[in-house]
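Subject: Structure for your review

Dear colleague,

Please find below the structure that I am handing over to you. My notes on what was found in it follow directly after.

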Amino acid sequence: MLLESVQHFIQLEYGESAWREVVRLARCKWYVFNTHQIYPDGLMPELAAAAAELLTDPTDRPGARVQPTADGFMRYFGRCFVRFFSNLGYDAPIRATGRYFCEFLKNVDNLHLQMRFAYPKMKSPSMYMSHVDRNGCVLVYRSTRRGFTQYFMGQLDQIAEEVYDTNLKIRVLQCEKTSTAMASSHQSAVATAAAAAAVGLQNVLVKYRLDFDNSAFVDQHAAVHTFDRCLQLPSIPIGLLLRLFPFGVVINQDIRIMDAGEKLLSVWGAATADDVRGHLLVQHLVLRRPRDIPFTWTNLMYLASVTFELEVLRGTHATMPEKKLNPTKGEKKSVSQLPATLDRRGSYGSRSILLKGQMRHFKEIDVVVFLCSPVVNNLDELQAMSLFMNDLNLHGLSRELVLAGWQHCSRLELMFERAEQWSQDLEDNYEQLDKWKRKGDSLLYSMLPRSVADQLQNEQSTMNTCKAFNLISVMFCEVEGLTPQATIKGVMDVVECMNTVFSCFDSLTDRFNVYKVETVNQVYMAVSGAPEYTGEHARNVTDLSLEFAENIRDLQFPCNIQIQIKIGIHSGPVVAGVVGMKVPRYCLFGDTVNTASRMQTTSQPGKIHISVTTKRLLPQNLYTLTSRGLVTVKGKGKMETFWVDRKPRSPQTEKRHSV
């Protein structure tokens with residue numbers, strides 16, 4: 001969807017031809033993007049770099065000439081994405097997140113958590129605020145994608161302006177790369193380095209300073225805390241809280257377990273809380289979300305408003321010795337990567353228990369309590385986790401959700417399978433469309449020069465393709481020896497001979513930068529110097545003619561048909577282009593074409609006949625030129641012409657002809 005938004009707005013604001021040029025310069029093989037298809041992460045920065053070279057700056061105002069940059073277009077792409085998903089209705093969850101822009105920033109991770117059900121393969125970034133004041137905040141951003149720093153700034157710009165009517169200024173305070181194998185505070189430096197080497201991946205960590213009017217949020221926050229200080233209630237035992245949240249766990253600043261709910265102890269296989277008290281939390285729970293965040297006390301403070309997901313490690317993990325801190329191969333680390341394949345019933349695994357809730361800090365006793373409930377979609381998952389309905393909280397509506405999921409699971413699965421099938425069919429259709437488009441382009445480029453075909457595809461008039469050339473060289477080659485046949489087999493033999501000869505000629509034209517114009521009956525016409533001009537047009541056509549004469553001797557024909565060719569070449573000015581609408585052909589117009597045709601008709605079998613104009617353009621040291629004298633040419637009168645042949649090949653010419 002990120003790339004779809006880029007395609008949509010470049011086509012909308014710059015035009016279809018501009019988008020095609022950007023894709024071509026970025027060497028991207030896709031012109032159209034699909035929502036549920038995954039593309040390389042580096043594609044977006046490459047498109048931004050290409051756009052900076054070809055397009056005007058998107059922030060340019062009348063009279064202000066701004067030099068476009070790749071960073072500027074990445075920021076523009078970020079704004080485009082917000083505008084794009086707003087058209088699809090995805091701005092509604094953002095507006096419903098909170099009254100203030102700062103509340104939206106606190107809950108971005110929770111929004112991504114909900115979005116993964118619609119986009120299960122989405123790799124969302126993680127972010128939290130490390131400082132808040134009346135003039136803005138400091139936002140910490142982590143992502144596995146590189147080069148998206150400016151893109152994220154553009155997203156924030158557009159959301160602040162469009163959704164919260166806020167004037168936002170952003171600057172980067174810090175940008176660094178960190179390892180995905182982030183260790184907890186208890187792990188040694190050696191263990192951290194070993195884990196980083198094992199994973200071999202790098203994340204991006206960026207700190208932004210966001211300047212905006214944040215006084216309303218700060219005043220409301222201060223009022224809530226003032227009310228809390230005025231309201232004094234007697235203390236309650238921690239055990240009561242854990243009875244309300246039987247899967248909860250109490251954590252101290254060393255990320256060690258102080259106490260746990262009875263249901264969680266039962267899952268761990270612990271008889272009492274003393275069996276796990278003092279153990280490191282990562283020995284029993286794996287952090288699943290927020291992703292790629294080290295399990296430290298500081299992060300628990302910063303992410304107080306973010307939904308956490310922890311996966312329970314069962315059985316023998318409850319009695320794992322504390323001294324075994326460095327994870328070995330095959331064991332869980334403090335930060336777990338999501339599985340490669342996600343089951344549609346949830347990305348939780350068939351027998352693992354996923355706890356979802358909030359890390360709540362109780363400052364009076366300086367501990368964090370994970371207030372959570374297990375995530376269960378239906379009765380099948382409940383049984384696979386070895387849990388029962390009685391284990392679920394009454395106040396959390398977990399039981400109702402499980403029963404509702406059981407009742408509607410079959411219907412939802414059927415709808416999901418249909419949606420998956422439609423998505424797959426759509427992707428297949430796009431692939432087929434791309435395949436047939438390539439075939440169509442290949443056919444078009446075989447009929448017309450590429451530059452001319454691109455002009456016509458961009459809906460330009462055929463007259464716009466017409467162009468005058470001051471000096472080019474035209475060649476006509478006639479195949480002789482194909483006498484008319486009376487039988488069907490004889491006619492087929494003639495057709496086969498012509499196909500063999502012209503296919504051979506076609507294979508030689510590209511080697512000498514010569515364009516095949518057309519074939520009329522038994523005459524083959526080619527040109528060099530148009531539609532792409534080259535100063536060596538006379539030499540190119542002459543070399544091609546000599547190759548024709550050499551190759552025709554090696555071809556084998558049915559029924560012992562003897563074939564010879566006679567060739568004529570002339571150089572001069574022409575007008576070239578496409579005329580008409582049906583069956584378009586690239587045609588040459590002018591007296592040069594007529595004269596070249598006369599050179600061919602007055603030539604002799606097996607010889608190459610050139611005009612004096614072409615003779616003057618040829619290098620004297622490469623060819624043997626023999627004067628034919630004055631020849632009567634229809635419509636031109638007496639003309640001095642020449643026979644041309646190749647001198648013995650030097651290393652220079654040998655290299656040219658061995659391509």
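Of the 659 residues in the protein chain, 45% are buried, where buried means under 20% relative accessible area, exposed means over 50%, and partly exposed lies in between (1.4 Å probe, protein chains only). The model is a predicted one: local features need pLDDT of at least 70, side-chain atom pairs count only at pLDDT 80 or more, and totals for chains, interfaces and linings use all residues. Residues are numbered from 1 along each chain as its sequence is written, and side-chain values use heavy atoms, with hydrogens and water left out.

The accessible surface of the protein chain is about 34800 Å², and 53% of that belongs to carbon and sulfur atoms; accessible areas come from the Shrake-Rupley method with a 1.4 Å probe, and for residues only the protein chains shown count as cover. The chain has 21 helices and 18 strands, both taken as DSSP runs numbered from the N terminus (helices: H or I, at least four residues; strands: E, at least two). Among contacts with a separation of 6 or more, 68% are between residues 24 or more positions apart, a contact being heavy atoms within 4.5 Å.

Nonpolar core

The largest nonpolar core contains 59 residues, of which F77, F101, F104, L105, L156 and L210 touch the most other members. Helix 4 (residues 70-87) supplies the largest share of this core, with nine residues. Such a core is a set of buried Ala, Val, Leu, Ile, Met, Phe, Trp, Tyr and Cys residues joined through side-chain atoms within 4.5 Å. Leaving aside residues up to four places away in sequence, F101 touches L156, I159, A160, Y164, L168, L210 and F212. In soluble globular proteins, nonpolar side chains tend to be buried together.

Salt bridges

The structure has 24 salt bridges, each defined as a side-chain nitrogen of Lys or Arg within 4 Å of a carboxyl oxygen of Asp or Glu.

- R95 and D91 form a salt bridge at 3.2 Å, N to O. Both residues lie in helix 5 (residues 91-95), four residues apart, about one turn of the helix. R95 is partly exposed at 41% relative accessible area, whereas D91 is buried at 14%.
- R288 and E311 form a salt bridge at 3.0 Å, N to O. This pair links distant parts of the chain, with R288 in strand 7 (residues 285-289) and E311 in strand 8 (residues 307-312), 23 residues apart. Both R288 and E311 are buried.
- R438 and D434 form a salt bridge at 2.3 Å, N to O. They are four residues apart in helix 15 (residues 398-447), about one turn of the helix, and D434 is partly exposed at 28% relative accessibility.
- R75, R79, D157 and E161 are joined in a network of salt bridges.

Surroundings of H609

H609 belongs to strand 16 (residues 608-611) and is buried, with 0% relative accessibility. Its side chain makes a polar contact of 3.3 Å with that of R628. A polar contact is a pair of N or O atoms within 3.5 Å; within protein, one must be able to donate a hydrogen and the other to accept it, and residues adjacent in sequence count only if both atoms are side-chain atoms. Apart from residues up to four places away in sequence, those touching H609 include I567, M599, T641 and W643.

Cysteines

Zero disulfides were found in a search of the whole structure, a disulfide being a pair of cysteine sulfur atoms within 2.5 Å. The closest cysteine sulfur to that of C137 is in C102, 4.9 Å away and too far for a bond. For C587, the closest cysteine sulfur is in C466, at 9.1 Å, also too far for a bond.

Yours sincerely
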